[in-house]
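Subject: Structure for you to look over

Hello,

Here is the structure I promised to pass on. Please open it alongside the notes below.

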Amino acid sequence: MEKNKKSNVFKVSIIVPVWNVEKYIAKCLDSLVNQTLEEIEIIVVNDGSPDNSQKIIDKYVKKYPDKVKSFIKENGGQGSARNLGIEKAKGEYISFVDSDDWLDSEALEKMYNLAKKNKSDIVICDMIDHYDNYTIYHNCTKYNSVFEVTPSACNKIFKREIINNFRFLSRLWYEDFNFTTKVLFNTDKISNISEGFYNCNCGHESTMNNNNSKKNLDMIIVIDDIIDYLKKNDKYDKNIVSYLIFNHILITTINRVAIQKSDDKNYVIRQLIKYCRDNISDYRKQDFYNNINKNRKIIAWLNYHNMYNLSKIILNVKNKIKR
């Protein structure tokens, strides 16, 4: 740690946005300060959290002054907290960890070493979702195209240079999907390590687990912003964009809203279906469709034709079998 203090050279900067996580943040920070990679800085950004999270953060700053850095800002959403962290980061690579999640102790050392060995701009690892009574392992490193990878910013390390001027959208859900997708369009220097290093705490309310149906319409804003960026930078690819809409709206977002208990959910799903019909009416003619498995094709067809309740039943049975 003394080496960090003198040289101020960090291999990885870990950015942790914080809001209302006093029950979980200690486990998160324990997993970070105990990383086997020594040359790291942990940038904790309190996004105006009203609970006792800052008191816990202060304890880690006091105990690990050469590793843990604390910043407090007015509430602006997770995206704005991550953006502040990017501005403060000095590491060669940047990692994002949500404050209710945790990393395996060797995660950053193995990912960083692989990045250096392969001269990678991005390294991706697998993820594990932890629920109250079961876990789900996500093989994030098995894919035909990087755009099939989970768009989370959290199971990756990014070379700080490749991030450049990219920033997260503020006060929108799915801002990590927007950020990660734009970065992926700017490099093919990507490595994978097929180990479940990133652990997600899924046993409480979150963007992925809630009843706020209307906020899922943010996905439309997020994808429109990606399309606008691609067209302005001469990177637009219809096949990839069609896949993003197909996967993230026609399947994932509609399925997520369908299981919610909200008076708005049917309205929201109608808007999502309309967006798909307006933008990918020909999705079955796109190249990506040949690589979609039969089950996902069926779910997509049902959702596209307004039969999402049947999709919900099928997925519910599938999830029970998976557990």
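A residue counts as buried under 20% relative accessible area, as exposed over 50%, and as partly exposed in between (1.4 Å probe, protein chains only). The model is predicted: local features need pLDDT of at least 70, side-chain atom pairs count only at pLDDT 80 or more, and totals for chains, interfaces and linings use all residues. Residues are numbered from 1 along each chain as its sequence is written, and side-chain values use heavy atoms, with hydrogens and water left out.

Salt bridges

A salt bridge here is a side-chain nitrogen of Lys or Arg within 4 Å of a carboxyl oxygen of Asp or Glu. The count comes to 15. Helices (H or I, at least four residues) and strands (E, at least two) are DSSP runs, numbered from the N terminus.

Take Asp278 and Lys274. Their closest N and O atoms are 2.8 Å apart. The two are about one helical turn apart, because four residues separate them in helix H10. Asp278 is exposed, at 53% relative accessible area. Lys274 has 46% and is partly exposed. Salt bridges with shared partners also join Arg82, Asp98 and Glu175 into one network.

Lys67 pairs with Glu38, with 3.9 Å between the closest N and O atoms. This pair links distant parts of the chain, 29 residues apart: Lys67 is in the loop between H3 and S3, Glu38 in the loop between H2 and S2. Lys67 is buried, at 3% relative accessibility. Glu38 is partly exposed, at 41%.

Asp282 and Lys238 meet at 3.0 Å, N to O. Asp282 lies in the loop between H10 and H11 and Lys238 in helix H9, so this bridge ties together parts 44 residues apart in sequence. Lys238 is partly exposed, with 41% relative accessible area.

Aromatic rings

Rings of Phe, Tyr and Trp (its six-membered ring) pair if their centres lie within 6.5 Å; planes under 30 degrees apart are stacked, over 60 edge-to-face, the rest tilted. The structure holds 18 such pairs. Tyr93 and Tyr112 are edge-to-face, 5.8 Å centre to centre with 90° between the planes. They link distant parts of the chain, 19 residues apart: Tyr93 is in strand S4 (residues 93-96), Tyr112 in helix H5 (residues 107-118). Both Tyr93 and Tyr112 are buried.

Phe246 and Tyr283 form a tilted pair, with centres 5.3 Å apart and planes at 50°. Phe246 is in helix H9 (residues 238-258) and Tyr283 in the loop between H10 (265-279) and H11, 37 residues apart. Both Phe246 and Tyr283 are buried.

Helix H2

The buried residues of helix H2 (residues 25-33) are Ile25, Cys28, Leu29, Ser31, Leu32 and Val33. Their cover includes strand S1 (12-18), strand S2 (40-47), helix H3 (53-63), strand S3 (68-73) and strand S5 (102-103).

Nonpolar patch

Patches take residues with over 30% relative accessible area and no salt bridge; like charges are joined within 9 Å, nonpolar side chains (Val, Leu, Ile, Met, Phe, Trp, Tyr) within 5 Å. Areas come from the Shrake-Rupley method with a 1.4 Å probe; for residues, only the protein chains shown count as cover.

Ile298, Trp301, Met307, Leu310, Ile313 and Ile314 form a nonpolar surface patch, with about 500 Å² of accessible area together. Helices H11 (294-304) and H12 (308-322) each supply at least two of its residues. H12 gives the largest share, three residues.

Best wishes

Note on methods. Contact = heavy atoms within 4.5 Å.
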